[in-house]
Amino acid sequence: MPKRDIAKLPEQLRNPMKYRFRSILFVAEGAKGKIDGFTLLCHAPFLKFCFLDYISTAEGKTRGGIGGALYERVREETLDLNIIGLFFECLPDDPSLSRNPEIRRQNVARLRFYERYGARPIVNTAYETPLKPGDDNPPYLVYDDLGQATALPRDTAQQVVRAILERKYRGVCPPKYVDMVVNSFQDDPVLLRKPRYVKKPPVPIRRTTPVDKRIMLVINDRHLIHHVEELGYVESPVRIDAILKELDSTDLFQRVATRHFSEKYIKSVHGSKFVDYFRKVCANMEPGTSIYPYVFPVRNRARPPKELPIRAGYYCIDTFTPINSNAYLAAKRAVDCTLTAAKKLLEGYRLAYALVRPPGHHAEPSSFGGFCYFNSTAVAAEHLSGYGKIAILDIDYHHGNGQQEIFYERSDVLTISIHSHPSIAYPYFSGFVSEKGRGAGRGYNINIPLPESVDGEFYQGVLRDALRHIKRFHPRFLVIALGLDTAKEDPTGSWSLKAKDFEAVGRMIGLLHLPTLVVQEGGYDTRVLGTNAHHFFSGLWLGTYSPLLTLG
Ligand SMILES: [Zn+2]
């Protein structure tokens with residue numbers, strides 16, 4: 001690559017108007033971040049074609065399959081751009097155009113490589129006319145229709161060739177030369193050379209999700225230790241399996257091992273006394289037994305009961321969230337998973353999902369309840385807030401009272417919750433419109449309580465308004481508290497969202513184009529949990545990555 005092309009590369013990437021191409025740089029990164037190769041692609045959206053400017057592998061890497069991997073990735077990406085095909089130049093294998101046998105041997109290897117993909121030189125034109133008479137190795141123009149089996153009409157080919165010569169070779173090709181080459185395209189449709197080296201059918205484009213675009217998935221692998229076996233306790237281990245089973249049928253996810261984090265992360269949003277109490281009371285429990293809070297010292301906050309089991313009610317908001325020997329460990333592990341997923345966003349991944357239980361969004365600074373012990377969503381948001389403004393959107397059926405309380409006086413963390421009205425739904429005491437934040441946080445908490453009956457269409461309208469608030473806030477990261485209990489027939493809810501609604505919800509959120517962490521909260525109908533999660537993430541992925549949706 002000539003030095004001057006390298007020097008202009010940053011501007012070329014930043015300023016598509018000047019170069020009249022949208023430049024896209026693909027980098028193949030090996031171990032320890034070493035660059036193994038790259039591809040520079042020029043996209044002409046209006047003429048609907050791409051010109052492959054460079055495809056290059058690092059020295060000593062020519063045999064490692066890097067070139068093939070890069071070319072295959074380029075084909076896959078460009079197919080999504082809705083183009084007629086890929087054009088590029090390749091040095092000739094004709095002895096009259098390439099006189100040096102050593103160079104010609106390399107040219108043959110390259111043309112054979114591209115022929116495997118069905119990409120062949122356009123023939124019967126004057127494209128390979130040397131700029132200076134007598135010059136050796138004037139390039140062919142090669143066309144790859146990306147397996148779309150489209151004939152290339154003459155008019156289109158002429159426009160494309162003019163664009164390549166005028167934009168790519170600006171100041172190099174005289175206008176007369178350009179006209180001569182363009183007018184030499186006479187066949188309609190233009191003809192490609194018959195296959196010369198490869199007999200097999202062209203390699204098809206594999207539609208897999210590239211690793212860097214997958215959703216980083218962190219699962220609470222130790223959630224099974226937390227199993228409350230009372231009848232009717234719907235927050236059960238099978239919830240995770242139901243979701244995983246569906247997610248595993250796609251290639252949208254990349255599993256990531258959970259990292260360990262110190263307890264100080266939990267204490268960044270929860271009171272030290274509460275965390276210490278919770279750890280201690282769990283450690284003292286007999287396995288298999290539960291404490292249900294039964295005394296609630298609401299009248300005298302200054303005197304927490306001395307006995308640990310009795311003190312449970314001092315920190316709890318309801319009577320159905322028991323303490324057992326593993327509750328601390330499971331809740332701590334859920335926080336570790338969520339932080340691991342959050343860290344992936346800091347590494348540059350766009351989407352991450354913490355598939356965890358127990359859930360966390362009802363846990364406030366110093367209280368647990370609603371199946372929740374530690375607020376994983378809030379811990380992750382707090383950590384990410386060290387890097388920029390955060391928006392938390394809670395789309396569980398129940399109000400996200402935990403995040404609301406934790407960030408109630410903060411203006412750098414916007415908390416929004418769409419939920420069933422507290423006059424009819426848990427937690428009954430919060431989630432009203434009038435709760436808007438306090439002090440500096442005034443205006444940065446938005447509650448959107450909805451009626452008992454809500455269908456998908458109505459919900460999407462409400463979500464659109466919520467997303468508008470987020471857009472105006474310009475956060476650096478988005479954290480979604482994902483409750484799937486908004487689904488039709490959920491045992492804890494009353495709304496009627498269906499699979500396709502979850503897909504639409506995911507897509508709308510994806511179209512914000514924010515690095516997004518999704519944390520699993522509620523959702524209890526294990527017959528449809530997996531399908532609904534699958535639809536939500538398909539939509540989220542599509543909204544985030546589909547260039548057609550972006551342009552539309
Ligand atoms: Zn819920």
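# A first look at this predicted model

At 4% relative accessibility, L146 counts as buried. Please keep in mind that the model is predicted. The points below cover the backbone, the zinc site, the aromatic rings and the surface.

**Backbone spots to look for**

- L146 sits in the loop between β6 and α5, the latter spanning residues 154–168.
- N124 has a positive phi too, about 75°, although N124 is not a glycine.
- You will find N124 in the loop that runs between β5 (120–123) and β6 (140–144).
- Between D188 and P189 the peptide bond is cis, and its omega is near -5°.
- P189 belongs to the loop between α6 (175–183) and β7 (191–192).
- Y426 and P427 are also joined by a cis peptide bond, with omega of about 5°.
- P427 is located in the loop that links β14 (413–420) to β15 (445–450).

**The zinc site**

- Three residues coordinate the zinc ion: D396 through OD, H398 through ND1 and D485 through OD, at 1.9 to 2.1 Å.
- Along the sequence, these donor residues follow the spacing D-x1-H-x86-D.
- D396 and H398 are both buried.

**A contact across the sequence**

- V479 is part of strand β16, which covers residues 477–482.
- With a relative accessibility of 0%, V479 counts as buried.
- V479 and D394 are 85 residues apart in sequence, yet their C-alpha atoms are 8.3 Å apart in space.

**Aromatic rings**

- Searching the whole structure turns up 37 aromatic pairs.
- One of them is the edge-to-face pair of F113 and Y117, with 5.5 Å from centre to centre and 65° between the planes.
- The pair counts as edge-to-face because its planes are 65° apart, and the cut-off for that label is over 60 degrees.

**Charges over rings**

- R167 places its charged end over the ring of F21, at 5.4 Å from the ring centre.
- K168 does likewise with the ring of Y169, where the charged end sits 5.8 Å from the centre.

**A nonpolar surface patch**

- On the surface, L13, L25, V27 and I35 form a nonpolar patch, and together they have about 300 Å² of accessible area.
- L13, one of the patch residues, is in helix α1, which spans residues 3–14.
- L13 is partly exposed, with a relative accessible area of 36%, so it passes the cut-off of over 30% that patch residues need.

Definitions and conventions. Residues numbered from 1 in each chain as written. Predicted model: local features only at pLDDT ≥ 70, side-chain atom pairs only at ≥ 80, totals over all residues. Heavy atoms only, no water. Patch = residues over 30% accessible without salt bridge, like charges linked within 9 Å, V, L, I, M, F, W, Y side chains within 5 Å. Areas by Shrake-Rupley, 256 points an atom, 1.4 Å probe, with all protein chains shown as cover. Salt bridge = Lys/Arg side-chain N within 4 Å of Asp/Glu carboxyl O. Helix = DSSP H or I, 4+ residues; strand = E, 2+ residues; numbered from the N terminus. Buried < 20%, exposed > 50% of the residue type's maximum accessible area, 1.4 Å probe, protein only. Donors = N, O, S within 2.8 Å, 3.2 Å for Na, K, Ca; no water. Phe/Tyr/Trp six-rings, centres within 6.5 Å; stacked < 30°, edge-to-face > 60°. Lys NZ or Arg CZ within 6 Å of the ring centre and 35° of its normal.
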